[in-house]
Amino acid sequence: MAVATGAIVANLYYLQPLLPQIARDFSVGSTGAASLVTSTQVGYGLGLGLVLPLGDLIARRRLVVAIFIVAGVLMALGASLHAFAAFAVIALFTGVASVGGQVMIPFAADLARDNQRGRVIARLMMGLLLGVLLCRSFAGIVTQFAGWRTVYWLAAILMGLMALLLARSLPEETARPHVSYRRLITGSVGLLASLPELRRRAWLGAGCFAAFSILWTTLAFKLSTAPYGYSSAVIGLFGLIGAAGVLAANGAGRMADRGRQSASTMVAGALTAGSFLLLAIGGHLIVPMIIGIVALDLGVQGMQITNQSIIYALAPDARSRINSAYMVCYFAGGALGSLIAGLAYSAGGWNASCAFGALIGFSVLFLSFRWRKPASTAL
C-alpha cells in the first residue's frame, strides 16, 4: 500500500522539474507552465472532494484498482498530446485520478490497532513522500536523455502494473451500510463544519502545502538560470534532498502515538517558517538553498503526519470523509501556492517567491502556537 501510494501521487509531481522543457515544447511562458501544476492540484482537490468519499461506500479494493487504471490511461494521453490546452485538461483529470493513495490511507488506518495508527499512517506517508522525491529525480534524468514525454509513457505503464498488483494483494473488507452519494459528499462538508479541530488542522495543512508548492513550482526555473544553470537531470536530483522528510514522517508518527502532537505541531511550524529565510539566501548560494529545502520538507511532512493522526481519531466510522474534507483544504492550499508562485516569479523572480513563502510560513508558525493543543480526539 505504501509503494502504491507513492507511485500514484508521483503523477502530480512529474511536472515540477520538467516545467522549463514543457514551456519550450508548448511555446508558453513560466506563468503558463506553472499553471499546469495548479491545474493538477485543482484536479486533485476535486478528486478528494468527489471521489475519495466513495471509500466509505464502495469496497476500497475495487475503487483503488479502478482509479489506477484510469490514471494510467490519462498519463498515456498526456504523453501523446501536442496542444497546450488539451494537455492542461489532461493535467486537471490526472489530478482527479491521483487520489488512489488517499483512498488507501484511511483503509490502512482502519486495519491498524489504536496504539499503532500513527506509525501505520507514517509508513504510508513515507511511501508517498518517497514517491514525490524519487519521481522528481526520475523525471529529470529521463527527460535529460529521452525527453519529457517518455516520463509520461513510463508512468502510464507503472499505473497498469500497480493496478494488477493491487487487485491481487489488497485485503477484502466487510460490507458497509448503504449511504447515498449525496450524503457522502455533504457529510464531508458537514464534518468540516462540526469539528473545530478538523478545521484547525485543515488550515495548518493548507498553509504548509501552499509554502511547499511555492518552492517546488519555482525551483526548477531558478536552478536552470544564473547563477546555477543546472541541467534537467541535476535539477531532478534536488528532489532527493527532501529525503529528510521521511525522517520527519517517522518521527511525527511516533510522537503522535505517544500523545505529543502539540510539540510536533510547533516544531513543524517553526521549520516551515524558517526555511524561506534560508531559501532567499540560496538564490545565490547553494548550501543555504539545500538546507532550506531540507527544513521545509521536514516541516511540511511533520505537520501532515501530526494532523492526520489527530483527525482520524475524531470520527473513526467516517475516516474517508474526514480525509476528504481535510485533503480538499490541503490541496486547495497547494493550488493557491502554485498560482502565487507563478505570478510572483514572473513579477519579481526568486526573491518575490521567497517573500510570499515566508509570509505563509510565518502565518503557519503563529497558528501552530495558537492551536498547539488538540481540542478533542473524539466526537
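For this tour, Ala, Val, Leu, Ile, Met, Phe, Trp, Tyr, Cys and Pro count as nonpolar, Asp, Glu, Lys and Arg as charged, and the others, Gly among them, as polar. The model is predicted: local features need pLDDT of at least 70, side-chain atom pairs count only at pLDDT 80 or more, and totals for chains, interfaces and linings use all residues. Residues are numbered from 1 along each chain as its sequence is written, and side-chain values use heavy atoms, with hydrogens and water left out.

Of its 16 lining residues, Gly-6, Ala-7, Gly-131, Leu-134 and Leu-158 lie nearest the centre. The lining comprises 13 nonpolar, three polar and no charged residues.

Next, select Ser-27, in the loop between helix H2 (15-26) and H3; helices are DSSP runs (H or I, at least four residues), numbered from the N terminus. Ser-27 is not a glycine, yet has a positive phi of about 55 degrees. Its relative accessible area is 67%, hence exposed (over 50%, 1.4 Å probe, protein chains only).

Finally, select Pro-227, in the loop between helix H10 (196-223) and helix H11 (232-237). A cis peptide bond, with omega about 5 degrees, joins Ala-226 to Pro-227.

Note on methods
Helices (H or I, at least four residues) and strands (E, at least two) are DSSP runs, numbered from the N terminus. Buried means under 20% relative accessible area, exposed over 50%, partly exposed in between (1.4 Å probe, protein chains only). On a 1 Å grid over the protein atoms alone, a cavity is a set of points where a 1.4 Å probe fits but cannot get out, and a pocket is an open set with protein on both sides within 12 Å along at least five of seven lines; lining residues have an atom within 4 Å of a point.
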